[in-house]
Amino acid sequence: MRAIHVDEIRAAVRKLCIDANLYLPSDVTAALENLSKKENSPLTEMCLTQFRANREVAAAEGLALCQDTGTAVVFIELGQEVQICGGLLTDAVQQGVADGYRDGYLRKSIVTALSRINTEDNTPAVIHLRLVAGEHLLIRVLPKGGGAENMSRMAMLKPSAGVEGVCDFVVDTVKLAGANPCPPVIVGVGIGGNFESAPILAKQALMREIGSRNPDPELDELEQKLLMRINQLNIGVQGFGGPDTALAVFLESMPCHFASLPVAVNLNCHVARHQQVIL
Amino acid sequence: MREHILQWPEDAGKLDALHSGDIVYLSGTIYTARDAAHRRFVSLLQAGEGTPVDLRDSAIFYAGPSPCLPGHVCGSIGPTTSSRMEIYKEDMMKAGMKLMIGKGSSDPGLPALCQRYGAAYLVAMGGVAALTAHCIRSMETVAWPELGAEAVRRLTVERLPLVVIDDIYGNDYFIDLAQKCE
Ligand code: SF4
């Protein structure tokens, strides 16, 4: 048994919220910089130059990369050998989110669903907790903006739709989204499980490192094919046209009922923020 | 693709020079309004009442900034998806709104509305909000402060870079692009 105090968790979440909103992960930065190496249309070039300048200003002045600092989505892997002491894990996470959004001058975008009253501290965060083996606590924070989230889709396909049907659904989602999710996007796809599992898989997929290969050869091949199809849609950077609609397509899959074929597509914008820490 | 420099609202009569795909550097006075403020604007307009901001020749920025850091004029600021404001646009145009600044695809009826009312839809870059904050010279909350980030703010902007999507001639950059592709 290893004890971790809630104060440590709260402080870690606070820092992750701030860091995630100020600094892009290095793989995302590298992927965006790669786009600049080609010959681009003047509008695309203007966007890429602004993306770079924005990262510099955000880091230098401590400003959020995007005004939409999102819903705080928190993935937690809790080792079974860990004992949380001093309070509840989820309370510590919510308090850490409130601290981070207050101290980081991040926008509070969370309102009650029907009466639309702002909760004032960007809580509740959406927390996904998984018990794993070991003595560690892994926390990943993914601030998720509304623009890209609103363009995400989920479907319960007929099994007869097959791989083809899944691929068409993914490509159609990106096409329907057009310029709205601030392309170039990252496309997270969850296939299988139940009605609730596919979207969570899709969201998890968004945190994979750009350039990494899918360990499943079938999914790996599909990822390459989908990326090619999506980049032929001519949506392009910010929707101005061109071949750079998506930076990556990441698939996650799990078995499902033989009557079902759930598929979920979660889009992330070019400000693809996420940070993690292991306590 | 041409470049224009517009001073707002002084140049409100010069929208005929803009064509879809052009770049505009906008300076002058504009107002922020998102979903909640639009709902209030339009219910006032429909009730025949006055609005807290004169909408004649107005430029509306679909935006809600991040909180302002000490010593700064404005926090991170950038456009939100304009199509969410679809059902409010005609009432706003009837009241005199001439410029919409947002991000993302236009809604199906927008080109015709822009043509009828002589209005234009321009996009600001999404996801460059720290940089865009540098274009804001002053910021003042002018209506509904209880809406927080969604309150209406008067902004003085300087050389805010924008791209024309819908011009007053019924052209739409994104629709034309999609047609060319098909
Ligand atoms: S989609 Fe992303 S980059 Fe665009 S406004 Fe929303 S959070 Fe910002």
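Trainee: How many residues of domain 1 of chain A are in contact with domain 2 of chain A, and with how many residues there?

Mentor: Keep in mind that this is a predicted model. Nine residues of domain 1 of chain A touch twelve of domain 2 of chain A. Those count as contacts because heavy atoms lie within 4.5 Å.

Trainee: Which parts of chain A are the two domains?

Mentor: Domain 1 takes 2-20 + 65-144, and domain 2 takes 147-271. Their C-alpha centres are 26 Å apart.

Trainee: What makes Glu149(A) and Lys144(A) a salt bridge?

Mentor: Their side chains meet at 2.8 Å, N to O. The cut-off for a Lys nitrogen and a Glu carboxyl oxygen is 4 Å, so the pair qualifies.

Trainee: Which elements give two or more residues to the domain 1 side of chain A that touches domain 2?

Mentor: Those are β2 (71-79) and β5 (137-144) of chain A. The largest share, three residues, comes from β5(A).

Trainee: How much area do the two domains of chain A bury between them, and what share is on carbon and sulfur?

Mentor: About 860 Å², with 70% on carbon and sulfur atoms. On the domain 1 side, Phe75(A), Leu142(A) and Lys144(A) lose the most area to domain 2, together 59% of what that side buries.

Trainee: And how many residues on that domain 1 side are nonpolar, polar or charged?

Mentor: Five are nonpolar, one is polar and three are charged.

Conventions: Residues numbered from 1 in each chain as written. Chains lettered and ligands numbered in written order. Predicted model: local features only at pLDDT ≥ 70, side-chain atom pairs only at ≥ 80, totals over all residues. Heavy atoms only, no water. Domains from an automatic or database assignment. Buried area = accessible area lost by both parts, 1.4 Å probe. Helix = DSSP H or I, 4+ residues; strand = E, 2+ residues; numbered from the N terminus. Nonpolar A, V, L, I, M, F, W, Y, C, P; charged D, E, K, R; others polar.
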